[in-house]
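Student: Can you walk me through this one? I'd like pockets first, then the rest.

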Amino acid sequence: MVCEYSPSRQVLITGGNKGDICIFDIRQRKLQHFFNGHGSAVRSICITPNEELYITGSADGEIKSWSFTSTHDPHVFTDGHKSTKFFSNLPGGSVKGVMKLQVDATNHLVSCGADGEVKIRRLVL
């Protein structure tokens with residue numbers, strides 16, 4: 001399970017082992033949204049600096065960006081990370097798919113994956 005907090009929106013986003021994404025409203029202390037966002041475990045979540053989007057990455061290598069204000073389908077990055085056993089010699093066994101996501105102040109999405117690659121993409125907001 002992974003989580004990320006949005007200070008201005010005061011919501012906590014969590015990702016689960018079955019691909020579920022939950023958005024909790026901290027002020028009201030209740031679940032705001034629950035949906036299945038991925039076909040495998042969510043491994044990483046990050047929020048853009050302007051807090052308009054959140055991005056999720058999963059064990060199958062898929063990366064998606066979601067809008068806080070829209071109910072439209074997410075943008076799916078077609079060049080995600082392959083699910084390999086590149087880091088299988090690490091303690092804890094095999095790590096698959098997306099390992100870490102981060103968006104910098106200039107709206108570049110940086111991702112690293114179990115395929116041993118680091119990828120940088122420009123987000124269009």
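**Pocket, patch and salt bridges**

Tutor: The largest pocket holds about 360 Å³ of space. Its volume is the space filled by probe spheres set on grid points, which are joined across faces, edges and corners. A pocket here is an open set of points on a 1 Å grid over the protein atoms alone, where a 1.4 Å probe fits, with protein on both sides within 12 Å along at least five of seven lines.

Student: Before we go on, where does the model come from, and what are the ground rules?

Tutor: This is a predicted model, where local features need pLDDT of at least 70, side-chain atom pairs count only at pLDDT 80 or more, and totals for chains, interfaces and linings use all residues. Residues are numbered from 1 along each chain as its sequence is written, and side-chain values use heavy atoms, with hydrogens and water left out.

Student: Which strand gives the largest share of the pocket lining?

Tutor: β4, with three residues. β3, β4 and β7 (63-67) each supply at least two. Strands are DSSP runs of E, at least two residues, numbered from the N terminus; helices are runs of H or I, at least four.

Student: How many of the lining residues are nonpolar, polar and charged?

Tutor: Six nonpolar, seven polar and three charged. Asp, Glu, Lys and Arg count as charged; Ala, Val, Leu, Ile, Met, Phe, Trp, Tyr, Cys and Pro as nonpolar; the others, Gly among them, as polar.

Student: Zoom out. How many helices and strands does the chain have?

Tutor: Zero helices and 11 strands. Of its 125 residues, 42% count as buried. Buried means under 20% relative accessible area, exposed over 50%, partly exposed in between (1.4 Å probe, protein chains only).

Student: What makes up the nonpolar surface patch?

Tutor: Tyr5, Phe24, Ile26, Leu31 and Phe34, about 450 Å² in total. Patch residues have over 30% relative accessible area and no salt bridge; nonpolar side chains (Val, Leu, Ile, Met, Phe, Trp, Tyr) are joined within 5 Å, like charges within 9 Å. Areas come from the Shrake-Rupley method with a 1.4 Å probe.

Student: Where is isoleucine 26?

Tutor: In the loop between β3 (20-25) and β4 (30-36). Isoleucine 26 is partly exposed because its relative accessible area is 37%.

Student: And glycine 61, buried or exposed?

Tutor: Buried, at 5% relative accessible area. Glycine 61 lies in the loop between β6 (53-58) and β7. Its C-alpha is 5.1 Å from that of valine 98, 37 residues apart in sequence.

Student: New topic. How many salt bridges are there?

Tutor: Five in the whole structure. The cut-off is a side-chain nitrogen of Lys or Arg within 4 Å of a carboxyl oxygen of Asp or Glu. One of them joins aspartate 79 and arginine 121, closest N and O atoms 3.2 Å apart. That pair links distant parts of the chain, 42 residues apart: aspartate 79 in the loop between β8 (75-77) and β9 (98-103), arginine 121 in strand β11 (residues 118-122).

Student: Is arginine 121 buried or exposed?

Tutor: Buried, at 8%. Aspartate 79 is partly exposed, at 35%.

Student: What does glutamate 52 pair with?

Tutor: Arginine 9, at 3.6 Å between the closest N and O atoms.

Methods. On a 1 Å grid over the protein atoms alone, a cavity is a set of points where a 1.4 Å probe fits but cannot get out, and a pocket is an open set with protein on both sides within 12 Å along at least five of seven lines; lining residues have an atom within 4 Å of a point.
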